[in-house]
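Student: I would like to learn how to read pockets, cavities and packing in a model. Can we work through one case?

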Amino acid sequence: MSITPIANRQGAVQFAIAQASAKTGIDFNYLLGQAQVESGMRPGARAATSSASGLYQFVEQSWLAVVKKHGAEHGLGWAAEAIEPGRGGRMTVSDPATRRAILNLRGDPQYASLMAAEHAADNKTHLEGALGRPATGTDLYMAHFLGLGGARRFLQALQNNPDRSAAAMFPAAAHANRGVFYGADGQPRSVSEIYQRFATKLDKGADVAGGTGRASAVLGLSVGDNEVIAGNGEDQGDALAWARSTLDQLGGRGAAKAGNLLRPTPDNARLAYLMLAQLGGN
């Protein structure tokens, strides 16, 4: 029996994340940091207290919903067609074997990364419409953690009343995630404290996983009607050159969605393209 070296497995996961970043435009550092925070970059990770599974710890209903919406765009048309919205928006799959096959895709780094990127893009569009400003990587993570509605409430409180107790706002989430909402002394954390803790975790996660730049911060630029997001401290000229080249290559769907997506930092964009070029040459 052969065993795949850990370094090779991690490289395959980073490659899958780079592909998802290049295909969707969602920032590579953010996707990398999120995967590190959620699963320690382990595609087979499973939560002990919920149905969460995979690289990005999708719970079953969230996974079925994002595959229903975006699966056909990434070769999962069979899965998207099998998923049907039921009462109250609950997603169902009539055939048990098909349902298991769809849920098991959470353990595939390629599909997990693509669905995480598409989910982040959807959340980014909604958050920016509600907040009236560009969304940061930490904003997107709050949507992943609290759901879109919860993230809107959290981020509005962060802007208007940053010292407010987050546990008082989200008692159910606080009960399930005591270590997030309360300090070691048992005192509830404020919304600003929780936001900063997540920002730090994302940045550290991206760094541990081999990213460059910050996963939590974004910088807005533009090419025509399209928004370009470079990493914090990155050269804007490089980011704009990358964006123009990317828009030319994407065409069609990619160009149409470009105005709503985060851009990889220049260094990570080069990494993604080098990896994709190497794959195409094999």
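**Pocket, cavities and packing**

Tutor: Helix α7 gives the most to the lining of the largest pocket, with 7 residues. Helices here are DSSP runs of H or I of at least four residues, numbered from the N terminus. The model is predicted, so local features need pLDDT of at least 70 and side-chain atom pairs count only at pLDDT 80 or more, while totals for chains, interfaces and linings use all residues. Residues are numbered from 1 along each chain as its sequence is written, and side-chain values use heavy atoms, with hydrogens and water left out.

Student: What volume does the largest pocket have?

Tutor: Rolling a probe the size of a water molecule over the atoms shows where empty space is left. On a 1 Å grid over the protein atoms alone, a pocket is an open set of points with protein on both sides within 12 Å along at least five of seven lines, a cavity is a set where a 1.4 Å probe fits but cannot get out, and lining residues have an atom within 4 Å of a point. Points are joined across faces, edges and corners, and a volume is the space filled by probe spheres set on them. The largest pocket has a volume of about 840 Å³. Of its 30 lining residues, the closest to the centre are E38, Q57, V59, H144 and F145.

Student: Which residues line the second largest cavity?

Tutor: V180, I194, R197, F198 and K201 line that cavity, whose volume is about 40 Å³. Helix α11 gives the most to this lining, with 4 residues.

Student: Is D139 buried or exposed?

Tutor: Buried means under 20% relative accessible area, exposed over 50%, and partly exposed in between, with a 1.4 Å probe and protein chains only. D139 is at 0% relative accessibility and therefore counts as buried. D139 sits in helix α7, residues 137-160.

Student: Which residues does D139 touch?

Tutor: Contact means heavy atoms within 4.5 Å. Leaving out residues up to four places away in sequence, D139 touches L127, R133, P134, L155 and Y195.

Student: How many aromatic pairs are there?

Tutor: Rings of Phe, Tyr and Trp (its six-membered ring) pair if their centres lie within 6.5 Å; planes under 30 degrees apart count as stacked, over 60 as edge-to-face and the rest as tilted. The whole structure holds 5 aromatic pairs. One of them, F154 with F170, is tilted, at 6.4 Å centre to centre and 35 degrees between the planes.

Key. Helix = DSSP H or I, 4+ residues; strand = E, 2+ residues; numbered from the N terminus.
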